[in-house]
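Subject: Structure for you to look at

Hello,

Here is the structure I said I would pass on.

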Amino acid sequence: MRLDKLLANMGYGTRKEVKKVLKTGSVLVDGKAVKDGSVHIKPDEQEITIFGEEVHYKPFIYLMMNKPKGVISATEDREHETVIDLLAYEHALFEPFPVGRLDKDTEGFVLLTNDGKLAHELMSPKKHVPKTYVATVSGRVSEEDIVSFKQGVELDDGYVTKPGELVIHVPGEISKIALTISEGKFHQVKRMFKSVGKKVLELKRISIGPLQLDENLGLGEYRELTEEEIERLKHAQDEMGNATV
Ligand code: URA
């Protein structure tokens, strides 16, 4: 990786600012001043210091975002704002991408990372990573729906869903529910309710695997996962990997 990119990723300034610092000779690689930011570095093998302080390189970034409606969970979109557009420069530099998709009109937990291996495993249909959604549903969600979702319902394309756990929080003609599913078919939650004659009015994702969306995050806000959360995610992903499918 280029030295200037590495230092910028680590928060030592923009590429332009880092270039200026490099010119002063304050950055040493294995004890020697390096002034050229385009030099390629192996951060695992080489020691880098800046103003005498060692740079502990962390290659990966893990972010928890509370996506607002209207924002697309993709890295680019011609018309609409994306989750990447909501990131500060210092985080965007790591080039994270959203793990899986949330619909444009769905709010809630989006995990962003540049750890391709973890993202791939979390998205793998074989791993059955559970995700919990809360929803406002038009129509009286019933005990029969709980049973149907547990058994699997047939979607409009003939696909029969894996068992989902439905909990009715507020019953009524407008129901408030939580649904945990372990797959991610296109518009899955909305289509599951459609299959039992109901319509999702509002949808929010509140958990992914072992992680809960931080209630302190307002819409459009995000934070880095803590070390403990990253460990939990990796541990859960290992366990899911070992589960028989
Ligand atoms: N199910 C949906 O219908 N939409 C989402 O965004 C996520 C799950």
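This is a predicted model: local features need pLDDT of at least 70, side-chain atom pairs count only at pLDDT 80 or more; totals for chains, interfaces and linings use all residues.

Where the ligand sits: it takes up the space of the largest pocket. Residues of domain 2 (62-125 + 214-243) and of domain 3 (131-208) both belong to the shell around the ligand, so the ligand lies between these domains.

What is around it: the shell is made up of L102, D103, T106, Y133, H187, Q188, V189, K190 and L203. Sorted by class, four of these are nonpolar, three are polar and two are charged. Helix α6 (residues 188-195) supplies the largest share, with three residues.

Contacts to check on screen:
- D103 has a polar side-chain atom 2.7 Å from a nitrogen atom of the ligand.
- T106 has a side-chain N or O atom 3.0 Å from an oxygen atom of the ligand.
- V189 uses its backbone instead: an N or O atom there lies 3.1 Å from a nitrogen atom of the ligand.

On its own, the ligand has 240 Å² of accessible area, and the protein covers 95% of that.

Regards

Methods:
Residues are numbered from 1 along each chain as its sequence is written. Side-chain values use heavy atoms; hydrogens and water are left out. A residue is near a molecule or strand if one of its heavy atoms lies within 4 Å of it. A polar contact is a pair of N or O atoms within 3.5 Å; within protein, one must be able to donate a hydrogen and the other to accept it, and residues adjacent in sequence count only if both atoms are side-chain atoms. Accessible areas come from the Shrake-Rupley method with a 1.4 Å probe; for residues, only the protein chains shown count as cover. On a 1 Å grid over the protein atoms alone, a cavity is a set of points where a 1.4 Å probe fits but cannot get out, and a pocket is an open set with protein on both sides within 12 Å along at least five of seven lines; lining residues have an atom within 4 Å of a point. A molecule sits in a cavity or pocket if more than half of its atoms lie within 2 Å of its grid points. Helices (H or I, at least four residues) and strands (E, at least two) are DSSP runs, numbered from the N terminus. Ala, Val, Leu, Ile, Met, Phe, Trp, Tyr, Cys and Pro count as nonpolar, Asp, Glu, Lys and Arg as charged, and the others, Gly among them, as polar. Domain bounds come from an automatic or database domain assignment.
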